[in-house]
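The following note sets out a few points for a colleague reading this model.

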Amino acid sequence: MDIFFQQIINGLVQGSIYALVALGYTMVYGIMGLINFAHGEVVMIGTLVTITVAGSLIKAGMPVILAGMAGLTASVLVCMALGWGLERIAYRPLRNAPRLTPLITAIGMSIVLQNVAMIIWGRNYLTFPPLLPKVAFEFGGVNFTLVQVIIVVVSALTMGGLLFLVYRTKLGMAMRATAQNPAVASLMGVNINRVIAAAFIIGSALGALAGIMVGSYYEIAHYQMGFMLGLKAFTAAVLGGIGNLAGAMLGGVLLGLIEALGAGYIGDLTGGFLGSHYQDIFAFIVLIVVLMFKPSGLFGEKTGDRA
Amino acid sequence: MQAKLSVVALAVASVFALGACGPKEEPKPVAAAPAAAPAPAAQPEVLVKLGHVAPMTGPQAHLGKDNENGAKLAIDELNAQGLEIGGAKVKFELLAEDDQADPKQGTIVAQKLVDAKVNGVIGHLNSGTTIPASKLYADAGIPQISGSATNPKYTQQGFKTAFRVMANDVQQGKALGEFAAKQGMKTVAIIDDRTAYGQGLADEFKKGAEANGLTVVATEYTNDKATDFKAILTKIKSTKADLVFFGGMDAQGGPMAKQMADLGIKAKFLGGDGVCTPEFMKLGGPASEGHFCSLPGMPLDKLANGPAFKEKFVKKFNADIQLYSPYVYDAVMVMADAMKRANSVESAKFLPEIGKTNYDGVTARVTFDEFGDLKGGAISVYQYKAGTLEYVTTVGAPMDVVKAEVKEAVAEVKDAAQAVAGAATEAGKDAIKAGADAVKEAAEATKAAVEKK
């Protein structure tokens, strides 16, 4: 039984990371119907900036906590600027283009960012500085670490904060209005450009946060780390109903759990016919089944042409 | 709005600041060769194009770069020597291609090299890309020497163009199985990354382990891009295996060792050449301590030309040797050596000479068997200790090492015999007896050395 709980914890942590990244996808999609495929790369840049800033400050003798805060601040600021820049340069000029165009641009930006990161940080794997204390717990044969607890807590808090932002603030109201009908919203005095830029900036800041969590958890980083992570998070967002914040969170956690339990039990369930290399397939089968019965995802609202 | 603008401005400024300081921290790859070749003398010059293929992007890019550096070093040295082959001065040129460790991409760049009419190919790095690409080279009659593809299939397809300067996984799997049994391991869990290399090595290890009385209690899989192994490791934890064997590369192995520690798994970790790198220890951190890995060949420090190569390499590229660069260096040299002996740079003419190679390389004395495999390849086992790879033992030592040991033992016998003779003339039966004992001992030492072989 302890093995089962261990797998649940593995899945929960992995799922929280997916959820944190998925929030960035779903926020942008919810407002402008664009799948920002470069979001995984924003996460990657967030991790790498933290490594550079916090790593060099620690080397210079600064206490770990201060260096960590500096790294966090720097990476959030850089990612916000990056998100704003992406929107301004790559997506705003295509606002009225056919929907396929910005999608292809997003994929292009993802490749550009990967290569820029490769030039700046090199091809080698980088080790993430130990910003969070290494505390391990054991509880009835189940092992977990402080970092894992923090990851789950941070993702839950972030989602709560986002829900507050979207449903309780003026900016959130503007966002919802833009999502419903950009033309009418702008007639009502909402500055669409600013709202969309804000969505990108906030989403990217979340990406930076996710990057730091991923870095602290695996303690490694690489210029291509964002690709797979982005794809999985996107899957999670679709699973939960893209455009829906709670859905992204739920989809992420669900995907993490499916993966962990799939890898852990698929071999036993099929009598060794399928092994743990089918864990991804398992996750995607669940996705397909969900989409067959609920095409807009678990929590997705039925919308017309826009979603 | 004003406040927001200034935040954005600050953020933009920090991007530039970071962009400016980013590159400085990275060890600068020395892109241009230090001394660009001066204008060559007015003499007919033959251009020899050597293709080199390795992943230059993706999770194994650090190993690909390492391979390319090995090839570059060899080519620069060859050009500096000013070789003359077939009466003309030759200039070697490296056509470096990126196969992204992807079999599909591997055949695409292989076709590109075939179309570019390269004289020979060094690589690829991964077995998974080398095997499909080798057919294209074989069809075009282009000799191929890999310094790192260890899957046995590569040379067993019956292609006359396929060679490797490294022991294959049959030898490696067998040696590692033997080693695990000697360490007193009883049960083992095997993980592979589903690549031709990882799967091949894991399969061979399984055979080797079972032949030595170990029980395989779990077989799990991951992929060569994964970072999270907790689910499969948790499953392995429930089997209480003594040993976790991983067929795969360092980028997965390092984090895997770390996650084993996080989950409280006490089993030892054992891997093949793909994880036997400084990168593994960097990624695994303290969790890599005490685990084992193996490398075909002997440790560089124990080889006659090893330390000199290391010095040259570090000086030229300002980077440590990751893994295969000495083998790739040898691969280039073996090909150039064959060209010299054939007195031709034409693929068809120097190809037969590669099979007859007897070249004293950095990593081994290179001779090939009828398949194109390195003859008498040794496997060395290392342990990760305090951030270095500590040499543990060599399984299946190459012939000349055994010969040297035998020679040493024979010399000891001779010394002892002389001592006997000396003692006899000095007088005293006791002395003779002592001498006889020494002979006996020395004889035993000889026997032991021969048995080791």
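1. Chain B has 453 residues, of which 48% are buried. The model is predicted, and the remarks below should be read accordingly. Chain B contains 15 helices and 15 strands. Of the contacts in chain B between residues at least 6 apart in sequence, 70% link residues at least 24 apart.

2. The domain assignment divides chain B into domain 1 (45-167 + 302-366), domain 2 (170-296) and domain 3 (400-452). The centres of domain 1 and domain 2 of chain B, taken over C-alpha atoms, lie 29 Å apart. Their contact involves 16 residues from domain 1 of chain B and 17 residues from domain 2 of chain B. On the domain 1 side, helix H4 (residues 127-140) of chain B supplies the largest share, 3 residues. By class, that side has 7 nonpolar, 8 polar and 1 charged residues.

3. How many residues does each chain bring to the contact between chain A and chain B? Chain B contributes 41 residues and chain A contributes 39 residues. On the chain B side, the elements giving two or more residues are helices H1 (2-25), H2 (61-81), H8 (230-239), H9 (250-262) and H10 (278-284), together with strand S8 (215-221). H1(B) gives the most, with 11 residues. The side of chain B that touches chain A comprises 16 nonpolar, 12 polar and 13 charged residues.

4. In chain A, A:Leu12 belongs to helix H1 (residues 2-32). Is A:Leu12 buried or partly exposed? A:Leu12 counts as partly exposed because 18 C-beta neighbours lie inside 10 Å, whereas a buried residue needs 20 or more. Apart from neighbours within four places in sequence, A:Leu12 is in contact with A:Val152, A:Val253, A:Gly256 and A:Leu257. A:Val152 is 140 residues away from A:Leu12 along the chain, yet their C-alpha atoms are separated by 7.4 Å.

5. Helix H9 (residues 225-240) of chain A has 16 residues. From its first C-alpha to its last, H9(A) reaches 23 Å, close to the 22 Å expected at 1.5 Å a residue. Because 13 of its 16 residues are buried, H9(A) is largely enclosed by the rest of the structure. A:Gly241 follows H9(A) and has a positive phi, near 105°.

Key
Residues numbered from 1 in each chain as written. Chains lettered and ligands numbered in written order. Predicted model: local features only at pLDDT ≥ 70, side-chain atom pairs only at ≥ 80, totals over all residues. Helix = DSSP H or I, 4+ residues; strand = E, 2+ residues; numbered from the N terminus. Buried ≥ 20, exposed ≤ 12 C-beta atoms within 10 Å, placed from the backbone. Contact = placed C-beta atoms within 7 Å. Expected span 1.5 Å × (residues − 1). Nonpolar A, V, L, I, M, F, W, Y, C, P; charged D, E, K, R; others polar. Domains from an automatic or database assignment.
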